[in-house]
Every structure is written in C-alpha cells, then in structure tokens.
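Open the model in your viewer and keep the selection tool at hand. The tour goes stop by stop.

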Amino acid sequence: ATTMAMSPEEAIKKFKGMLTEEDKDPWGTDSTLLRFLRAREYDLDASYKMYTRCLQWRRANKIDQILDNPPKKLEYYKKLVSSKIHGFCKEGRPVYVERVGKIHYPTVLEYLTVDDLIEIHIYHMESLAKLARESSEKLGKDVCQSVQIVDLQGLSMSHRHGLAFIQRCAKVDEQYYPETMGKLFILNAPRLFPFFWGICKAWVHENTQKKIQVVSSNHEEVLREAIPAHFLPCELGGKCNCYVKHVADKKGSEKKQQQMCVPILDLSEMKDKLKYRGDAFDSMAHMSLRVAAGSCEEVLVKGIDAEKGSLFTWNFKTLAKNIEFSITCLPGDIELTSEPKHNSEAKAKDEHEILAEKFAAEFKARKPFALTEAVKCDKAQGSFRSPIPCDLRFTFDNKYSWMTGKDIRHKLTATCLEQ
C-alpha cells in the first residue's frame, strides 16, 4: 500500500496502526518511522517489513546499549583513522569528518577485522543519531540526518583492501540506518576516484547517490554555504578554534606550524608494532633496546642454577635493517666435577638449539668463548641447554653503522634446566 498522496503525518499514523505490541519500541519514534517510509517511498508494507527487520537486528545485537559499552577496539581505531564528529550544519545536523585518503587499510586490517570496523561504524552512527535527537529537541524541529565530509587526499590502490568493509558499511546503512545521510561532500578526489566509485556505486542506493557532491574546487566556499564557520574545521576554511597548533614528526621536532581540527595521524608507531605481532617476537616479556649509531650494547643473562646449570633462550628482532649479533658464554669459575661429553649422535630438540656437548673443551678451560659467531641479521632465536653453570653475554654491535641507530625488541631468558 502506497500513501504518497497522504501527508507525512497521515502516513505515520497509518504506519503506527500496523505495529503490534511486539513492534513497539522507544527507538521507534515518529521521526524514525518517517525515515523508513521515505526509504521505501511511502509503501506501507515494504516500510513495515524493513522497520521490523531493523528492530529485530537492534534487539539481537543490543544496539541501544552500544554508546554505554563502546567497542573494545575503538582505541585502536582512533590511532589508525583520522576522523571526528565536528559540530553541526546550518540545519542542525551533526557533521562527521573523515580523512579517508589517509587510511592505510593494510595496517588497519592487521589490528581490526572487518567485523570490528563494522561495530565501530555502528557506534559512530548511533553517536550521530544521538546528536541529531539532541539537536532536534533544541531546535524544536525534526533532525534525523547527518552531514559527512570525506577527504580523499592520499587515495591510492592500497585502499582496495578496504572495499569489503565499505561494501558491508553500505549494506548496514541501507538496511538499518535509512535516510540518515543528509549530505556527503567529497573533497580532493584524485584520478583514482572514478575507479573506486565505479565499484562502490553499485552498493549505494540511488536516493543516497543524489546526496553526494564531489567538490572539485572552491571547497571552502561550498562548505561554508552548508556549515557555519565556527563549526567548520579550520583546515577546510572554517574558524573553529579546536585545532592542534602544530604537528611533530617521529623524532619530536616541529615541522611547520599547521592548524588542524582533524589532525593527520602518524601511523609509524602502529606500523612498527606490527613487526612483533603474532609471531615469536610478540609478548609482554619482550624488552626494548636502542643501539645508537656507531655503538654497541651488551646484555648479560646470568644462569639460574649454580650447580645444575640452566636453559637459556633468546629471540630478538630489529625495527629496521640489521645488526651484528653474537653470544659469548662465560663459564662459572668452579672446578668441574663433570663435563659435557661430546656425543656425535646428540640431537637438538629443534633447529635453533645449540648443543652444550660441542663445547666440552671450552667449558673445561673455564674461559669465555664464542657460543655463536658474530653475524649481521635482523632477527634471531635459539636456545642453549648447559648442565655446567655459566652466564651468557648477548652483544648487539652497531659500530659499523655510523648513520643509523637500531631499535630492538628482545626476550633473553634463563630458566632451570629440565632434569
């Protein structure tokens, strides 16, 4: 049943008459019902079907509670995506700004799954809906939409990794947040934009496509027509004073003074941390070590048992490039009542284990000896089971590199030798 000949008020009244007690919910305000009517061109049956499916989804996923229980990965998102809810447009709709061009999806997807991103997207949609309701109460009129500003500066082929997420977003928005986008401004669209838009266009409803405006020039003038100057980010031509006064590089030195209400995030730290995630070099027990250019650092790991010996294990990884790594064994200064006997058939428990039996003569001499020869590498791991009391000295030698310091993550341990 189509009610296009009726006024919105009459359509809402008929829509309410179709709702059962199970269908009634505080979320289902007149404003919400009207959105679903508009999304289905005032077809009552189609609107009712869409509304009840959305209501079931909201209840099953506890959407009404999401603002009180933010997504667990939200803090990661804030370190990876430059975005911000920033004031209101001239019609009272909340404004959301996102630097999509600066998103590095290969890094984002190492920290967040597509499901994580969808959960965070829903959180943002609920935040915008809450602000719209507050604006509606303040202005005394229906406000149920938002304005979005998407900056594509920096868009590259790496963004193709985000297409699965974008497709899911479009589906969520169409099914569960119909008619919530009032306007979408796309800024700094590069030559690649038509390629990506050609893919994404199929996922976006025709009515939504009409609300998208690609601003090719004079974006300050265009944005000021829709958004008050005091709500428009200063880097987009506004007069908002919530900006960050300057941006620093990784070493902390000031580049040039910039004013940004939605700062460009430095992803270097998040990218560096990825080198230790999900492998043998990732644990809370790992320590950080800085080896300055032209210098050498040593770490001494003392044996655990002065009588029965110890099991030593090590692994390390450099953040960038390689370093000269070696291990020196320091036998205990005691008379040996026994010594590790050389056994040509002895086998290591894994490919990284060094056998103590091979160093019987060195232990007997009770003088420091090289357990491993110095070798340039960016990572290493291994173990050494010594029944003879000893300590190990791990050397990270960067004397050959006069220009580049090296950052290392290492885990060097000594535990009791298994009997």
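**Stop 1: helix 1 against helix 2**

Select helix 1 (residues 8–18) and helix 2. Their axes come within 10 Å and cross at roughly 100°. Axes here are lines fitted to C-alpha atoms, for helices over the stretch in contact, and angles run from 0 to 180 degrees between N-to-C directions. Helix 1 and helix 2 are therefore roughly perpendicular to each other. The angle classes are: under 35 degrees roughly parallel, over 145 roughly antiparallel, 65 to 115 roughly perpendicular, and the rest oblique.

Now show side chains. Helix 1 brings Pro8, Ala11, Ile12, Phe15 and Lys16 to the contact, and helix 2 brings Asp30, Leu33, Leu34, Phe36 and Leu37. Contact means heavy atoms within 4.5 Å. The residues of this contact of helix 1 with helix 2 divide into eight nonpolar, no polar and two charged. In this count Ala, Val, Leu, Ile, Met, Phe, Trp, Tyr, Cys and Pro are nonpolar, Asp, Glu, Lys and Arg are charged, and the others, Gly among them, are polar.

A word on what you are looking at. This is a predicted model, with residues numbered from 1 along each chain as its sequence is written. Local features need pLDDT of at least 70, side-chain atom pairs count only at pLDDT 80 or more, totals for chains, interfaces and linings use all residues, and side-chain values use heavy atoms, with hydrogens and water left out.

**Stop 2: helix 2 against helix 3**

Which residues make the contact of helix 2 and helix 3? From helix 2, pick Thr32, Leu33, Phe36, Leu37 and Ala39; from helix 3, pick Leu44, Ser47, Met50, Tyr51 and Cys54. The residues of this contact of helix 2 with helix 3 divide into eight nonpolar, two polar and no charged.

**Stop 3: helix 1 against helix 3**

The axes of helix 1 and helix 3 come within 10 Å and cross at roughly 60°. Helix 1 and helix 3 are therefore oblique to each other. Ala11, Lys14, Phe15 and Met18 of helix 1 meet Leu44, Asp45, Ser47, Tyr48 and Tyr51 of helix 3. The residues of this contact of helix 1 with helix 3 divide into six nonpolar, one polar and two charged.

**Stop 4**

Select Met6, in the segment before helix 1. Met6 is partly exposed, with a relative accessible area of 29%. Buried means under 20% relative accessible area, exposed over 50%, and partly exposed in between (1.4 Å probe, protein chains only). Not counting residues up to four places away in sequence, Met6 touches Ala11 and Lys14.

Draw a distance from Met6 to Tyr42. Their C-alpha atoms are separated by 9.1 Å, and the two are 36 residues apart along the chain. Tyr42 is found in the loop between helix 2 and helix 3. Is Tyr42 buried or exposed? At 16% relative accessibility, Tyr42 counts as buried. Check its backbone too: Tyr42 has a positive phi of about 65° although it is not a glycine. Most residues other than glycine have a negative phi.

**Stop 5: Asp116**

Move to helix 6 (residues 114–139) and select Asp116. At 15% relative accessibility, Asp116 counts as buried. Leaving aside neighbours within four places in sequence, Asp116 is in contact with Lys73 and Tyr111.

**Stop 6: Gln167**

Next is Gln167, in helix 7 (residues 163–176). Gln167 is partly exposed, with a relative accessible area of 40%.

**Stop 7: Asn218**

Go to the loop between strand 5 (212–215) and helix 10 (219–226), and select Asn218. Phi of Asn218 is near 50°, a positive value in a residue other than glycine. At 55% relative accessibility, Asn218 counts as exposed.

**Last stop: the whole chain**

Zoom out. The protein chain holds 12 helices and 16 strands. Helices (H or I, at least four residues) and strands (E, at least two) are DSSP runs, numbered from the N terminus. Of the 419 residues in the protein chain, 43% are buried.
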